[in-house]
Amino acid sequence: MIGKVLYGLFLMILIVMLFLVWILFYQSYLSEDIPFQVLNNQELPIVSNIPGQEDYPQGMMFYENLRFRQKIISYSIDATCTEKRTNDAISAFEILDNATSLNFVEKENGEIFVSCSQDVPQIDERHFIAGEGGPTNIVNASNFNVILNGTILLYEDNDCQNPIVAIHEILHVLGFRHSSNKDSIMYPVSNCKQQITPELIERIDQLYSYPTLPDLTITRVEAVKKGFLLDFTVTVMNAGLDEAKNSTLVVYNGDKKIFDYDIGNLEFGVGKVISTKNIKIFGNNESLNFIVDKDNLISEITKKNNIQILVLKE
């Protein structure tokens with residue numbers, strides 16, 4: 001009786017060992033690398049075409065989707081500025097405040113610095129993008145190019161009733177190029193009759209219609225299956241305008257969760273590369289779902305780019 005039990009046990013062990021050897025042999029020699037391909041495309045914020053943008057031969061703005069993080073933008077004025085130039089700057093900010101959805105507030109060490117140096121500036125693309133004003137620090141956050149700081153230089157008095165020069169330079173700081181329309185305040189040669197043309201206001205209001213929130217997105221993902229094992233590399237980026245706290249990534253093979261990862265906090269414009277090998281997958285493994293913030297714990301600009309679906313290449 002004992003002999004039969006031992007014999008049966010031996011057969012079971014032998015069968016298990018043969019099965020494991022077969023899996024190892026298949027995994028090592030018979031299986032081939034089968035890549036996955038992206039099934040869906042990410043949706044990015046799009047600023048639509050507007051009437052009047054044809055007046056900007058090089059494009060309306062220095063970079064696509066260029067803006068400050070928030071609608072409330074602070075500024076400070078150099079103490080060496082004369083009373084007239086100080087008043088011109090304050091008046092220019094107030095005019096743009098009233099004409100657009102932006103809100104300009106004066107504070108120490110503001111995001112925009114108004115200088116009144118008597119020296120004509122030496123233009124340097126590392127510091128000034130155009131004219132005597134422009135963004136001085138820009139973060140490429142993928143969906144947005146985010147302006148952190150800007151500088152304008154009022155080195156000549158304005159002879160017009162309206163602060164034409166100051167408004168022109170502030171609009172440079174906001175990212176606008178020169179216009180070919182002589183009636184536009186963004187024409188490179190100023191005259192007192194120039195106006196803030198409608199396309200400037202419309203483009204500002206479009207750009208700042210997006211709230212100051214994070215926007216987690218999967219910018220790159222590659223996956224390869226070999227037999228029962230899966231390797232993948234995925235890049236998760238905060239393409240929004242604010243920090244994303246307690247970010248997470250989960251991966252599903254069909255309905256089964258096969259991987260989860262605590263990304264942590266991601267500043268805007270920052271990404272993290274996650275790579276892993278030899279994840280076991282069985283059964284229905286035709287598709288993979290990569291999802292960030294699956295439980296919707298983070299308020300974002302959009303949730304449409306939180307998932308990336310991959311399918312096996314045929």
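This is a predicted model: local features need pLDDT of at least 70, side-chain atom pairs count only at pLDDT 80 or more; totals for chains, interfaces and linings use all residues.
Figure 1. The buried residues of H4 pack against S2 and H3. Helix H4 spans residues 198-207 and strand S2 residues 66-68, while helix H3 covers residues 164-173. Within H4, the buried positions are Glu199, Leu200, Arg203, Ile204, Gln206 and Leu207. Viewed down the axis of H4, these buried residues fall within an arc of 160 degrees, so they line one face of the helix.

**Figure 2. The largest nonpolar core, with 39 residues.** Inside this core, the residues with the most contacts are Phe104, Leu171, Leu174, Phe176 and Leu200. At least two core residues come from each of strands S2 (66-68), S3 (72-77), S5 (112-115) and S7 (145-153), and from each of helices H2 (83-99), H3 and H4 (198-207). H3 makes the greatest contribution to this core, with six residues. A second core, of 23 residues, is separate and has Val221, Leu230, Val234 and Ile258 among its members.

**Figure 3. Surroundings of Phe104.** Leaving aside residues up to four places away in sequence, Phe104 touches Ile73, Tyr75, Phe93, Leu96, Asp97, Ile112, Ile170 and Leu174. Phe104 and Leu174 are both listed among the residues with the most contacts inside the largest nonpolar core.

**Figure 4. The largest pocket, holding about 260 Å³ of space.** The pocket is lined by 15 residues, and those closest to its centre are Glu132, Glu156, Val165, Glu169 and Ser190. Helix H3 (residues 164-173) gives the most to the lining, namely three residues. Sorted by class, the pocket lining consists of seven nonpolar, four polar and four charged residues.

**Figure 5. The largest cavity, with a volume of about 40 Å³.** Searching the whole structure turns up one cavity of 30 Å³ or more. The lining of the largest cavity is formed by Arg85, Asp88, Leu154, Glu156, Asn158, Val165 and Ala166. By class, the cavity lining comprises three nonpolar, one polar and three charged residues. Glu156 and Val165 belong to the cavity lining and are also listed among the residues closest to the centre of the largest pocket.

**Figure 6. Helix H3 across the views.** Helix H3, residues 164-173, gives the most to the lining of the largest pocket.

Key: Residues are numbered from 1 along each chain as its sequence is written. Side-chain values use heavy atoms; hydrogens and water are left out. On a 1 Å grid over the protein atoms alone, a cavity is a set of points where a 1.4 Å probe fits but cannot get out, and a pocket is an open set with protein on both sides within 12 Å along at least five of seven lines; lining residues have an atom within 4 Å of a point. Grid points are joined across faces, edges and corners, and a volume is the space filled by probe spheres set on the points. Helices (H or I, at least four residues) and strands (E, at least two) are DSSP runs, numbered from the N terminus. Ala, Val, Leu, Ile, Met, Phe, Trp, Tyr, Cys and Pro count as nonpolar, Asp, Glu, Lys and Arg as charged, and the others, Gly among them, as polar. A nonpolar core is a set of buried Ala, Val, Leu, Ile, Met, Phe, Trp, Tyr and Cys residues joined through side-chain atoms within 4.5 Å. Buried means under 20% relative accessible area, exposed over 50%, partly exposed in between (1.4 Å probe, protein chains only). Contact means heavy atoms within 4.5 Å. The arc is that of the directions from the helix axis to the C-beta atoms.
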